[in-house]
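Biologist: Could you open the model so that we can go through it together? I have a few quick questions.
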Amino acid sequence: MQVAIIPADIGQPIRFEDIAAGLDPMQEAVGGDIQMVGLRAASMNMYINENGKFEGLATNRRATILCHTTLAIADGDFIAGDAVLVGPTDDEEGADTSLTEGHVAFLENFDQKIALLGKQG
């Protein structure tokens with residue numbers, strides 16, 4: 001399944017990888033127990049470390065901005081640690097789906113815009 005990994009380290013680009021579907025690969029990618037955040041406006045789901053804030057993981061500015069722009073989290077809330085993006089949940093099976101070419105293009109464009117903002121600030 002193709003996913004996007006948004007590192008908390010703003011110096012690292014969003015990367016696209018093929019990983020096996022299921023709990024273990026997601027937990028490995030975020031470094032702990034997972035929590036799903038639905039980005040319905042973008043037709044994607046994000047997996048994050050459920051205990052990232054309590055463990056003091058770094059704020060993931062890109063994942064936080066993405067969640068705020070899609071109204072997936074409340075104002076003032078933030079994402080801590082690396083985040084994994086997948087396509088929407090399959091309605092029949094209830095399983096995660098791969099990112100589409102449209103998702104990949106959207107995320108690449110998003111990452112470029114964030115990088116430009118960082119250079120201006």
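Biologist: What lies over the face of Phe 78?
Modeller: Lys 53 does, at 4.9 Å from the ring centre; a charge counts as over a ring when NZ of Lys or CZ of Arg is within 6 Å of the ring centre and within 35 degrees of the ring normal. Bear in mind that this is a predicted model, in which local features need pLDDT of at least 70 and side-chain atom pairs count only at pLDDT 80 or more, while totals for chains, interfaces and linings use all residues. Residues are numbered from 1 along each chain as its sequence is written, and side-chain values use heavy atoms, with hydrogens and water left out.

Biologist: Which residue forms a salt bridge with Lys 53?
Modeller: That is Asp 77, with the closest N and O atoms 2.4 Å apart, where a salt bridge is a side-chain nitrogen of Lys or Arg within 4 Å of a carboxyl oxygen of Asp or Glu. The pair links distant parts of the chain, since Lys 53 sits in the loop between strand 4 (44-49) and helix 2 (61-69) and Asp 77 in the loop between helix 2 and strand 5 (83-86), 24 residues apart. Helices (H or I, at least four residues) and strands (E, at least two) are DSSP runs numbered from the N terminus.

Biologist: Is Lys 53 buried, exposed or in between?
Modeller: Lys 53 is partly exposed, with a relative accessible area of 42%, and Asp 77 is partly exposed at 29%. Buried means under 20% relative accessible area and exposed over 50%, with partly exposed in between (1.4 Å probe, protein chains only).

Biologist: How many salt bridges does the structure hold?
Modeller: There are three. One of them joins the side chains of Arg 62 and Asp 111 at 3.0 Å, N to O, and this pair again links distant parts of the chain, with Arg 62 in helix 2 and Asp 111 in helix 3 (residues 101-120), 49 residues apart.

Biologist: Buried or exposed, those two?
Modeller: Arg 62 is buried, at a relative accessible area of 1%, and Asp 111 counts as buried at 14%.

Biologist: And which residue does Arg 15 form a salt bridge with?
Modeller: With Glu 17, the closest N and O atoms being 2.7 Å apart. Arg 15 is partly exposed at 33% relative accessible area, and Glu 17 is partly exposed at 30%.

Biologist: Switching to the sheet, what is the strand order?
Modeller: Five strands form an open sheet in the order 2-1-5-4-3, with antiparallel pairing; two strands pair if DSSP finds at least two bridges between them. Strand 2 (15-18) and strand 3 (34-39) are the edge strands, each pairing on one side only.

Biologist: What joins strand 1 to strand 2?
Modeller: Four bridges join strand 1 (residues 2-6) to strand 2, and the bridge partner of Val 3 in strand 2 is Glu 17. Strand 1 also pairs with strand 5 over three bridges, in the antiparallel sense, and there Ile 5 stands opposite Val 84.

Biologist: Which way do the strand 5 side chains point?
Modeller: Ala 83 and Leu 85 point one way, whereas Val 84 and Val 86 point the other way, and all are buried. In a regular strand the side chains alternate between the two faces of the sheet.
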